[in-house]
Amino acid sequence: MTASAMNRIASVQFEVRTQGRDWIALDDRLRGAVAHSGVREGFAQVFAHHTSCSLLIGENADPEVRRDLERFFARLVPDGDPLFRHAAEGPDDMPAHVRSILAGVSVGIPVRDGALALGTWQGVYLWEHRARPHTRRISVTILGH
Amino acid sequence: MTASAMNRIASVQFEVRTQGRDWIALDDRLRGAVAHSGVREGFAQVFAHHTSCSLLIGENADPEVRRDLERFFARLVPDGDPLFRHAAEGPDDMPAHVRSILAGVSVGIPVRDGALALGTWQGVYLWEHRARPHTRRISVTILGH
Amino acid sequence: MTASAMNRIASVQFEVRTQGRDWIALDDRLRGAVAHSGVREGFAQVFAHHTSCSLLIGENADPEVRRDLERFFARLVPDGDPLFRHAAEGPDDMPAHVRSILAGVSVGIPVRDGALALGTWQGVYLWEHRARPHTRRISVTILGH
């Protein structure tokens, strides 16, 4: 275990433009934010300010994994399900809210040696759950020393 | 990006009395906690000390969204499912544990300009998964400068 | 509410050897890490560096709860489901990625009075989703004063 004085906080916000249901890798932007923060040891909190997309950690090597996840969620939470009464914005409206809760909108990731300490196969993704394009706002808070 | 000296931590704990399966908005209490913490920039960690309710971010505008989520989870994890052997406290016992894991018990939210930086449609909710009333304990930890 | 100077960060990393699908309690290791960190008030972020296991909070009293969760996830995300095209490492490959996203890989837990402030029935677990043994890497970051 290492223990040190905690003395630094950095924050950044950016927007991502989505084009319907898809996964958008955020690793490069997050790695840049950590590098610029000057934090060597600590952690980064990444947060999406929305209830119809997800911010999550997924497998980064085989794009088929993300397509399988899309297929799995499409079966689990089908568009236009008659169970749902909230459909103000169309058949993908309520399924997007359910997916957002199941996959989450926030992750905390350790920072070690001045870099985001993701596992070899981990990537940080914005997962758009709406069928139409949206502008998504992401906040990153980095705390440490 | 802004970077500053990190120098403040605040914590508060409160209880919520639930009346069966329902969503209880915590935003006012959390906004008050952030205002009193004196933290301008940082993040707030909100945590429920239980395994049969959820602490999560949901849509805050249309109450039908929360009722649809209740309907979806009632179908996905039905009470009295013969799959479950743990039923010591009744047919809603094990479903409550499953829901608690699917929707989570902890969220991290950015603090910006001295306020909780939720998106326009985001609210923080305690979601009670048990059919009978319970007293739920919530902890908030706010870190920043 | 208590508010104090924030001045300490501690981090530790350890490995867990799994033996197929099972839950492994991490509480003792985490309590030890918090005790050694010297942090009295703050929070601990626990993170698994993988996309085919989960790091989560579950019920700690009745092992049947964990077996019911295994049964529920086995039905919800069945091995060898023809829906999945990514099966490079076998029929449990893609289901492990789905489970990892549904149950998460990261939790934030408050630290109070120098101890991990879990609820009475809460335990922190590594949940192995692969059928074969794996070595899993866990990082803990403790921030506070």
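Two strands are taken to pair if DSSP finds at least two bridges between them. The model considered here is predicted. By that criterion, strand E1 of chain A pairs with strand E2 of chain C (residues 8–17), in the antiparallel sense and over three bridges. One residue pair can be picked out: Thr2(A) has Ser11(C) in E2(C) as its bridge partner.

In total, 36 residues of chain A are in contact with 33 residues of chain C. On the side of chain A, two or more residues each come from strands E1 (2–4), E4 (42–48), E5 (53–59), E6 (106–112) and E9 (135–144), and from helices H2 (63–76) and H3 (93–103). The most is given by H2(A), with seven residues. Sorted by class, this side of chain A has 19 nonpolar, ten polar and seven charged residues.

What does H2(A) meet in H3(C)? From H2(A) come Val65(A), Asp68(A), Leu69(A) and Phe72(A), and they meet Met94(C), His97(C), Val98(C) and Ile101(C) in H3(C). Six of the residues in this helix contact are nonpolar, one is polar and one is charged. As for geometry, the axes of H2(A) and H3(C) (residues 93–103) come within 10 Å and cross at roughly 65 degrees. Because angles of 65 to 115 degrees count as roughly perpendicular, H2(A) is roughly perpendicular to H3(C). The crossing of the two helices is right-handed.

The copies use different surfaces, since 14% of the contact residues of chain A recur in chain C.

Strand pairing also links chains B and C. An open sheet of six strands has the order E7(B)-E6(B)-E4(B)-E9(B)-E2(B)-E1(C), with antiparallel pairing. At its edges stand E7(B) (115–116) and E1(C) (2–4); each has a single partner strand, so one side of each is left without a neighbour in the sheet. Within this sheet, E4(B) (residues 42–48) and E6(B) (residues 106–112) run antiparallel and are joined by six bridges. Gln45(B) has Gly108(B) in E6(B) as its bridge partner.

Conventions
Residues are numbered from 1 along each chain as its sequence is written. Chains are lettered from A and ligands numbered from 1 in the order in which they are written. This is a predicted model: local features need pLDDT of at least 70, side-chain atom pairs count only at pLDDT 80 or more; totals for chains, interfaces and linings use all residues. Two residues are in contact if their C-beta atoms, placed from the backbone, lie within 7 Å. Helices (H or I, at least four residues) and strands (E, at least two) are DSSP runs, numbered from the N terminus. Ala, Val, Leu, Ile, Met, Phe, Trp, Tyr, Cys and Pro count as nonpolar, Asp, Glu, Lys and Arg as charged, and the others, Gly among them, as polar. Axes are lines fitted to C-alpha atoms, for helices over the stretch in contact, and angles run from 0 to 180 degrees between N-to-C directions. Angles under 35 degrees count as roughly parallel, over 145 as roughly antiparallel, 65 to 115 as roughly perpendicular and the rest as oblique. A crossing is left-handed if the near helix is turned anticlockwise from the far one by less than a right angle, and right-handed if clockwise.
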